[in-house]
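The following note comments on a two-chain model, point by point.

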Amino acid sequence: MDVLLVLTPVVGLLLGVLTGATGRGVRLAPVVTSLVVLGVGVVLVVHVAVEGHAAVVGAGGGLLRADALSAFMLALVGAVGLTATWGGLGPRRPGPADASARRYAGLVCVFLAAMSLAVLADNLGVLWIAVEATTLATAFLVGHHGTRRSLEAAWKYVVLGSVGVAIALLGTVLLYAAARTAGQATLSWTVLTSGQLPLDPGLVKVAAGLAVLGFATKAGLAPMHSWLPDAHSQAPAPVSGLMSGVLLAVAFSAILRVQAVADVVLGPSFVRGLLLTAGLASLLVAAALILRQRDFKRLLAYSSIEHLGLLAVGAAIGGRLAVAAVLLHALGHGLAKASAFVMSGRILAAEGTTTIADVHGLLARRPQLAVPYVTAIAALLGFPPFALFFSEVAIVLAGWQAGLGVAMGGVLVLLLVVFAGLARATAGMVLGPPDGPVGELPPAARGPMAPVWLALAATAAAGLLAVPLGGVLTAAARAVGA
Amino acid sequence: MNLSTGAVTQLVALSTGTLLVSAVVLVWRRSLRPAVRLIALQGVALAVLVATIGLAEGGGELVVVAAIVLVLKAVVVPFVLDRGIAAGGPDREDQARLNPTAGLVSVALLTTLAYLVSRPVTAALGGGGPDAGPAAAAVPVGVAVVLIGFLLLVTRRRALSQVVGFVVLDNGIATIAFLTSAGVPLLVELGTSFELLLIVLILAVLSGRMRSAAGPKALDSMNELRD
């Protein structure tokens, strides 16, 4: 079992390097990497489901470790990765792969490997390196199209993302200093959360604040979100799906890890205040900008800020119900958002525009694109039976029980505004008379439908599967002390 | 070899002082080529700091780290930046959002702020009194360098001057890391150093592509994407 932990990131890295260097299997390599990550994730999840919440696999001399949360996150990385990479397979091009296709495939594999390493890290330094590696791997993916706009987005993303992660490094370094002055120089998350080290509260407060702020930048939480709409709208659709659907969640799981350390030393109120503020601010930003959004890829990006804001609110509430709901929400959002981005890429290829006002009557003209797109948006809006409905209800209920009634009232109002904005924009695109190009789709707008429908079916089923999934989610929540 | 306490104090003060002064000069000056020299100087100062702490604490590992820091931050990163300038980038920051006077006033305020916010850190590392050791006493300098790096990053518009700001920010973080905890574990330290190098390389490549896609003034016109 412990070999699998080391193997997952290594396989992704090797496949990425091989594909990038040789140009063989540029179509297959990202899909295979996702499958490997998903496979190991499922094995670990089954292990947790059988052994209970205390099931922990360690490897790599204490640097890597898989508890219930890592297992769940790894399966999520694999599932969203599979949806985005398989769904993003374009038409097969004749002849050998050109340099751009090789770079794309190689970097996607390395990106997946970095995310796997981030969720499997026990050492907070390794966690930091892995999160930073995701920025490095995605920099050229965001700027892949090479246009002025995509390069501008890539520049802002790398500068802001690296500064954010540099702040997180400062937090990590100060945590190490706290551990060192307490008698054991370590960055091991297991040791830091054990409560055995007499960590200095003042130092941990500064460290945790900086680390949460830094990882929140990567998670796209307001007020450090300004890179997100640019990067997610300019990247190729499958990369947008990966970044929106799972990279944000990976960065968020890093916040959960830091929160667990801070809660042991400082009690829950410190990080709770930070996360509640960031969460409500993100919901507010998303609500304000979704209402007047003219570009449907940016619309999806702002919807990610909304959902991450909700995750932050849920983590701020704390407790087993809220944290389990947060993880269910991350799962539902990841799968639905990856599907929505894959379909948005095909709509862009078919219609030649990302402007909402220029797309009409898609349901009548191109139902093969419109039906999955609308289904994914419905999932993101939180319609039952999709998982997001259950997780949103659970988060609000948990907040109410925790005495955060006023904040939950605000959350509900903002969710309603987002709902109205997203629903109006999508209705404008898909409804109406069929005025526009009809008939055969251009080749770039075609692609496998199975991954999209599988992901949406999984989103619908996840909310109803209390028996195997609920136990794993609760175990994962307990892993971070909830 | 063990250094005497006096020598350690002086070397720590000298290297952190060099870091702070060079960061201040970077805010003041606008030419990019001297800026790259100052970045190299910061790399040397950081390497001296690491070596000093390593020798004072008797850790051979830190001397290796010092050598790596010297090669990466004093040689390789300045080399990459120089290549970026030679490749046709503008060699002056002529679009800064702050004039030099306002910049220096901001630096003074940021340095004061750095001393205020570092209190919990220095307190935890030994009370901040005279017996706290030279390392803990110098932590505010590291925080000041981080804040000055931020200032450079947000007030500069040319691509390469933003990269310079980022390197200063990272040097400040490295300073704090070595002062507070004699560095992080070797593996993590290697990871962070190489990631800085990769970021600088990526940014240099991106700025080159932006120049060819949008002309030499690429970064001032970074307003294509907005709501």
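Two residues are taken to be in contact if their C-beta atoms, placed from the backbone, lie within 7 Å.

1. Contacts along the chains. The model is a predicted one. In chain B, residues 24 or more positions apart account for 75% of the contacts with a separation of 6 or more. For chain A, among contacts between residues at least 6 apart in sequence, 82% join residues at least 24 apart.

2. Composition of chain A. This chain contains 19 helices and 2 strands. Of its 482 residues, 64% are buried. Along the principal axes, the C-alpha trace of chain A spans about 70 × 55 × 45 Å. The radius of gyration of chain A is 21 Å, which agrees with the value near 23 Å that a compact globule of 482 residues would have.

3. Composition of chain B. Chain B has 9 helices and 0 strands, and its pattern along the sequence reads α-α-α-α-α-α-α-α-α. Buried residues account for 50% of the 227 residues of chain B.

4. The interface between the chains. Contacts between the chains involve 38 residues of chain A and 35 residues of chain B. On the side of chain A that touches chain B, the elements giving two or more residues are α5 (124-142), α6 (148-181) and α8 (201-218) of chain A. The most is given by α6(A), with 21 residues. By class, the residues on this side of chain A divide into 23 nonpolar, 7 polar and 8 charged.

5. Packing of α6(A) on α9(B). How are α6(A) and helix α9 (residues 186-214) of chain B packed? Their axes are 10 Å apart and the packing angle is about 160 degrees. An angle over 145 degrees counts as roughly antiparallel, and α6(A) and α9(B) are therefore roughly antiparallel to each other. The crossing in which α6(A) passes α9(B) is left-handed. On the α6(A) side, the residues that make the contact include L151(A), W155(A), V158(A) and L169(A), together with R148(A).

6. Packing of α7(B) on α8(B). Within chain B, the axes of α7(B) and α8(B) come within 7 Å and cross at roughly 165 degrees. That angle makes α7(B) roughly antiparallel to α8(B). Here too a crossing is to be described: α7(B) passes α8(B) in a left-handed one. The residues of the contact of α7(B) with α8(B) divide into 16 nonpolar, 8 polar and no charged.

7. I148(B). This residue lies in helix α7 (residues 139-155) of chain B. Is I148(B) buried or exposed? I148(B) counts as buried because 28 C-beta neighbours lie inside 10 Å, where 20 or more are required. Leaving aside neighbours within four places in sequence, I148(B) is in contact with A23(B), V24(B), V27(B), V107(B), L110(B) and V168(B). A further pairing is that of I148(B) with L26(B): the two are 122 residues apart in sequence and 9.1 Å apart in space, C-alpha to C-alpha.

8. R157(B). The loop between α7 and α8 (159-181) of chain B holds R157(B). R157(B) counts as partly exposed because 18 C-beta neighbours lie inside 10 Å; a residue with 20 or more would be buried, and one with 12 or fewer exposed. R157(B) and E61(B) are 96 residues apart along the chain, and their C-alpha atoms are separated by 39 Å.

9. Cis peptide bonds in chain A. Most peptide bonds are trans. P223(A) lies in the loop between α8 and α9 (228-234) of chain A. P384(A) and P385(A) are also joined by a cis peptide bond, and omega is about 5 degrees. P385(A) is found in the loop between α15 (367-381) and α16 (387-401) of chain A.

Technical notes
Residues are numbered from 1 along each chain as its sequence is written. Chains are lettered from A and ligands numbered from 1 in the order in which they are written. This is a predicted model: local features need pLDDT of at least 70, side-chain atom pairs count only at pLDDT 80 or more; totals for chains, interfaces and linings use all residues. Helices (H or I, at least four residues) and strands (E, at least two) are DSSP runs, numbered from the N terminus. Ala, Val, Leu, Ile, Met, Phe, Trp, Tyr, Cys and Pro count as nonpolar, Asp, Glu, Lys and Arg as charged, and the others, Gly among them, as polar. Axes are lines fitted to C-alpha atoms, for helices over the stretch in contact, and angles run from 0 to 180 degrees between N-to-C directions. Angles under 35 degrees count as roughly parallel, over 145 as roughly antiparallel, 65 to 115 as roughly perpendicular and the rest as oblique. A crossing is left-handed if the near helix is turned anticlockwise from the far one by less than a right angle, and right-handed if clockwise. The radius of gyration is taken over C-alpha atoms; the globule rule is 2.2 Å times the number of residues to the power 0.38.
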